[in-house]
Amino acid sequence: MSRLIEHILRKAKNNKVIKKAYQSTVNSYLNSHIGEITPFNPRSTSFEKRRINLLVPSINQEHLFGGISTAINFFDQLYKYEQDSFRRIITTDAAPNSEDLLKFSGYTHVPCENDLDGNSQIVSFNDRYNKTIPVGKEDIFIATSWWTAYFAQRIVKWQAEFYNQKPKRIIYFIQDFEPGFYSWSSQYSLALSTYLYKGEQIAVFNSSLLKNFFNNHGYKFTEEYYFEPKLNSSLKKHLISFDKMEKKKKILIYGRPSVARNAFALIVESLRIWVWTQPNADQWEVISAGEHHSDVEIGNGVVIKSKGKMSLEDYANELKESALGVSLMISPHPSYPPLEMAHFGILVLTNNYENKNLSESHHNIYSLDNISPDSIAAQLTKLCTEFEGNKKAGDKESMPDYLSEGEQFLFIQELSEKLK
């Protein structure tokens with residue numbers, strides 16, 4: 001394809017017809033917009049009560065896991081200390097349907113055109129061209145991604161100017177270093193800019209590891225809090241003692257081809273080496289969970305079988321049966337799958353990233369500095385040998401706080417006071 005384009009460009013230099021056609025084609029595909037920051041315009045309202053607003057991309061069932069689920073849990077916990085306040089969830093990227101709203105039975109779905117003062121509202125603001133959303137003088141905003149932080153920072157500036165008041169503090173719920181989701185680009189720069197905001201911004205980090213990463217890189221916020229991961233409560237119901245787990249020669253990989261930081265291609269290339277260095281590779285089953293993709297033949301009679309996004313019950317069953325796990329995260333976020341796998345007795349292979357080393361968290365986790373295909377394949381072979389030597393689940397050590405029923409956001413009452 002690149003040679004064809006080069007050929008057309010050479011011809012275009014001396015042929016006006018080809019040059020015009022080429023320019024027309026390029027212009028038709030030219031995208032000069034940044035979709036994430038489609039204008040998010042506020043309007044005034046007579047509503048004067050204090051209201052906590054969660055800006056979140058979506059609450060749809062297909063998105064209601066991981067980061068979004070954690071953000072909503074945080075929002076719910078904060079609201080317990082805000083009983084004199086109203087609350088509102090604003091979705092910026094997708095509108096929920098009737099089934100999605102079933103999990104939010106305490107809320108009323110309100111069109112952005114309406115200016116109602118009822119408590120517990122959900123406003124879909126993904127389709128916002130030429131539309132506005134009511135913002136009062138006492139509205140407080142919680143951002144959950146870089147583009148929602150971008151919106152919140154602009155809204156607070158407008159709010160201060162329109163109502164002639166001091167700018168409100170923003171809560172920035174940070175779950176990864178989001179500029180890293182992009183190559184050096186417009187989005188990279190915009191995501192980075194939200195951490196450099198000059199106004200008052202309270203950062204809430206998903207893990208001490210992530211907070212330390214930001215601190216190490218010199219990012220400063222008005223106040224900083226962090227919380228540590230906990231095992232999903234629904235998944236925890238399926239957790240049994242290690243001696244009752246019947247482990248099989250099965251490798252569970254966290255396979256998300258569409259998410260670059262999970263390095264799916266690197267995992268596959270590593271397995272392509274492993275199948276020829278592992279003496280009995282054809283006796284092992286390789287399962288991919290996380291996102292549906294085509295099955296992948298990796299040689300020597302071994303196929304990566306895609307299970308896609310499974311129910312929690314099916315995922316728990318795979319965790320109980322699998323002996324080995326491979327889950328990469330090329331970012332400072334700790335990532336949930338390695339911790340889940342380790343606590344279900346799986347010997348897990350993952351990667352270090354700057355200050356992140358999950359092998360310090362659990363004896364079942366093996367974390368590599370060098371994550372080349374050769375190094376991953378070599379370590380995977382060692383883990384196969386280790387498992388075949390005892391045929392049992394991994395180490396019984398666990399992270400007590402990860403499994404505890406205690407409060408995850410221990411700082412939340414203090415944070416609530418800082419907003420007043």
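**The sheet and what surrounds it**

Student: Let's begin in the middle. Which residues of S2 are buried on one side and which on the other?

Tutor: Keep in mind that this is a predicted model. In S2, Arg-51, Asn-53 and Leu-55 lie on one side and Ile-52, Leu-54 and Val-56 on the other, and all of them are buried, which leaves both faces of the strand covered.

Student: Why do the residues split into two sets like that, with side chains on two faces?

Tutor: In a regular strand, side chains alternate between the two faces of the sheet. For S2, residues 51-56, six of six residues count as buried.

Student: Which strand does S2 join through six bridges?

Tutor: That is S3, residues 86-91, and the two strands run parallel. Leu-55 has Ile-90 as its bridge partner in S3. Between S2 and S3 the chain passes through helix H3, residues 66-79, in a right-handed β-α-β crossover.

Student: And how many bridges pair S2 with S7?

Tutor: Five, again in the parallel sense, with S7 covering residues 139-143. There, Asn-53 has Phe-141 as its bridge partner.

Student: OK, zoom out. What is the strand order of the open sheet?

Tutor: The order is S4-S5-S3-S2-S7-S8-S9-S10, eight strands with parallel pairing. S4 (108-109) and S10 stand at the edges with a single partner strand each, so one side of each has no neighbour in the sheet.

Student: Take the S4 end. How many bridges pair S4 and S5?

Tutor: Two, in the parallel sense. Thr-108 has Gln-121 as its bridge partner in S5. S5 is in turn joined to S3 by four bridges, also parallel, and Thr-91 stands opposite Ser-124 of S5.

Student: Is S5 buried or exposed?

Tutor: Buried, at residues 121-124: Gln-121 and Val-123 point one way, Ile-122 and Ser-124 point the other way, and all are buried.

Student: Towards the other end, how do S8 and S9 pair?

Tutor: S8 (residues 170-174) and S9 (residues 201-206) pair in the parallel sense over five bridges. Phe-173 stands opposite Val-204 in S9.

Student: Now the second largest pocket. How much space lies in it?

Tutor: About 430 Å³. The second largest pocket is lined by 23 residues, and the closest to its centre are Ser-208, Phe-227, Glu-228, Pro-229 and Asp-401.

Student: Which elements each supply at least two residues of that lining?

Tutor: Helix H7 (208-216), strand S10 (223-227) and helix H13 (400-403). S10 is also one of the two edge strands of the sheet. The lining of the second largest pocket divides into eleven nonpolar, seven polar and five charged residues.

Student: Last topic, aromatics. How many aromatic pairs are there?

Tutor: The structure holds 30. In one of them, the ring centres of Trp-158 and Phe-162 are 5.1 Å apart and the planes are at 15°, so the pair is stacked. Both residues lie in helix H5, residues 146-163, four residues apart, about one turn of the helix.

Student: What is the relative accessibility of Trp-158? And of Phe-162?

Tutor: Trp-158 is at 22% and counts as partly exposed. Phe-162 is at 46% and counts as partly exposed too.

Student: Which residues do ring pairs link into a cluster?

Tutor: Tyr-172, Phe-177, Tyr-195, Phe-205, Phe-213, Phe-214, Tyr-219, Phe-221 and Tyr-353.

Student: And overall, how many helices and strands?

Tutor: There are 14 helices and 17 strands. Of the 420 residues in the protein, 50% are buried.

Key:
Residues are numbered from 1 along each chain as its sequence is written. This is a predicted model: local features need pLDDT of at least 70, side-chain atom pairs count only at pLDDT 80 or more; totals for chains, interfaces and linings use all residues. Side-chain values use heavy atoms; hydrogens and water are left out. On a 1 Å grid over the protein atoms alone, a cavity is a set of points where a 1.4 Å probe fits but cannot get out, and a pocket is an open set with protein on both sides within 12 Å along at least five of seven lines; lining residues have an atom within 4 Å of a point. Grid points are joined across faces, edges and corners, and a volume is the space filled by probe spheres set on the points. Ala, Val, Leu, Ile, Met, Phe, Trp, Tyr, Cys and Pro count as nonpolar, Asp, Glu, Lys and Arg as charged, and the others, Gly among them, as polar. Buried means under 20% relative accessible area, exposed over 50%, partly exposed in between (1.4 Å probe, protein chains only). Two strands pair if DSSP finds at least two bridges between them. A crossover is right-handed if, with the strands pointing away from the viewer, the path from the first strand over the helix to the second runs clockwise. Rings of Phe, Tyr and Trp (its six-membered ring) pair if their centres lie within 6.5 Å; planes under 30 degrees apart count as stacked, over 60 as edge-to-face and the rest as tilted.
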